[in-house]
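Subject: Structure handover

Hello,

Here is the structure I promised to pass on. Please open it beside this email and follow along.

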Amino acid sequence: MTILFKVFLCLILIFCGGSLVNCTEFEVGRRDGWIVPKSKDDDQMYNHWASENRFKVNDTLLFKYKKDSVMEVTAEEYEKCKASHPLFFSNNGDTVFKFDRSGLFYFISGVSGHCDRGQKMIIKVLDIEATPPPQSADETAQKPHKSGVAEMTPMGIITTLTIFVMSTLCLIFV
Ligand SMILES: *[C@@H]1O[C@H](CO)[C@@H](O)[C@H](O)[C@H]1NC(C)=O
């Protein structure tokens, strides 16, 4: 491996560690992305996936799909699998949705019939206080230590340690 490659690898590691501080992007679903569940027994597959994750304010969801769409709807519309005026709509195949508040969010596919077959999801966004102020990705990548210093929460301390260990490991390997 060339030195350059190692430096590159380090930057990626540090960046990933640093991004834990602020917010997380969740790719919806498992390998297949946002699709109609393949079997009828899977009609809760997205809710199962959601229950395995912890979402907080400012985290984002990434929906990947082909020839489909994502709608954020009300609880009532979710139950009916139908929405004429969704709160949010996107069909660009690569939808990023940001949680701007805590509480419940309801998502369904906008394609007729897909929601009925289980392409729907309820997300609970937790109300966790004391998250650090947002930073640009550049700052996070370049000054991981500095971003950690202001942290007071246990989560922040863990993240700082993670970044520190990652940076140290990187220095040793380079
Ligand atoms: C979310 O981001 C906004 C704007 O970037 C910021 O004002 C707000 O404090 C953040 N909220 C949390 C809980 O991190």
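Two strands count as paired if DSSP finds at least two bridges between them. Please keep in mind that this is a predicted model.

**Sheet pairing**

With that rule, E3 and E6 pair in the antiparallel sense, over 5 bridges.

E7 and E8 run antiparallel and are joined by 6 bridges. Within that pairing, Gly 103 has Val 125 in E8 as its bridge partner. E2 and E8 pair too, in the parallel sense, over 2 bridges. There, Lys 56 has Leu 126 in E8 as its bridge partner. As background, strands of a sheet pair through backbone hydrogen bonds, either parallel or antiparallel.

**Salt bridges**

How many salt bridges are there? The count comes to 6. Three of them are worth a visit.

Start with Arg 30 and Glu 52. Their side chains meet in a salt bridge, 2.9 Å from N to O. Arg 30 lies in the loop between strand E1 and helix H2, and Glu 52 in the loop between H2 and strand E2, so the pair ties together parts that are 22 residues apart in sequence. Arg 30 has 48% relative accessibility, so it counts as partly exposed. Glu 52 has a relative accessible area of 54%, so it is exposed.

Next, go to Asp 94 and Lys 64. The side chains meet in a salt bridge at 3.5 Å, N to O. Asp 94 is in strand E6 and Lys 64 in strand E3, so this pair ties together parts 30 residues apart in sequence. Asp 94 is partly exposed, at 39% relative accessibility. Lys 64 is partly exposed as well, at 35%.

Then find Glu 72 and Arg 101. The closest N and O atoms of this salt bridge are 4.0 Å apart. The cut-off is within 4 Å. Glu 72 is in strand E4, and Arg 101 is in the loop between E6 and strand E7. The two residues are 29 residues apart, and the pair links distant parts of the chain. Is Glu 72 buried or exposed? Glu 72 is buried, because its relative accessible area is 8% and buried means under 20%. Arg 101 is partly exposed, at 37% relative accessibility.

**Aromatic rings**

Arg 101 has a second contact to show you. Its charged end sits over the ring of Phe 105, 4.0 Å from the ring centre. Phe 105 is also part of an aromatic cluster. Other members of that cluster include Phe 26, Tyr 46, Trp 49, Phe 88 and Phe 97.

The structure holds 12 aromatic pairs. One of them is Trp 34 with Phe 63. The ring centres of Trp 34 and Phe 63 are 5.1 Å apart and the planes are at 80°, so the pair is edge-to-face; the cut-off for that class is over 60 degrees. Trp 34 is in the loop between E1 and H2, while Phe 63 is in strand E3. They are 29 residues apart, and the pair links distant parts of the chain. Both Trp 34 and Phe 63 are buried.

**A buried glutamine**

Last stop: Gln 119. Where does Gln 119 lie? Gln 119 is in the loop between E7 and strand E8. Its relative accessible area is 0%, so Gln 119 is buried. What does its side chain reach at 3.4 Å? The side chain of Gln 119 reaches the backbone oxygen of Trp 34. A polar contact of 3.3 Å also joins the side chains of Gln 119 and Asp 68.

Best wishes

Note on methods: Residues numbered from 1 in each chain as written. Predicted model: local features only at pLDDT ≥ 70, side-chain atom pairs only at ≥ 80, totals over all residues. Heavy atoms only, no water. Helix = DSSP H or I, 4+ residues; strand = E, 2+ residues; numbered from the N terminus. Buried < 20%, exposed > 50% of the residue type's maximum accessible area, 1.4 Å probe, protein only. Phe/Tyr/Trp six-rings, centres within 6.5 Å; stacked < 30°, edge-to-face > 60°. Lys NZ or Arg CZ within 6 Å of the ring centre and 35° of its normal. Polar contact = N/O pair within 3.5 Å; in protein donor to acceptor, adjacent residues only side chain to side chain.
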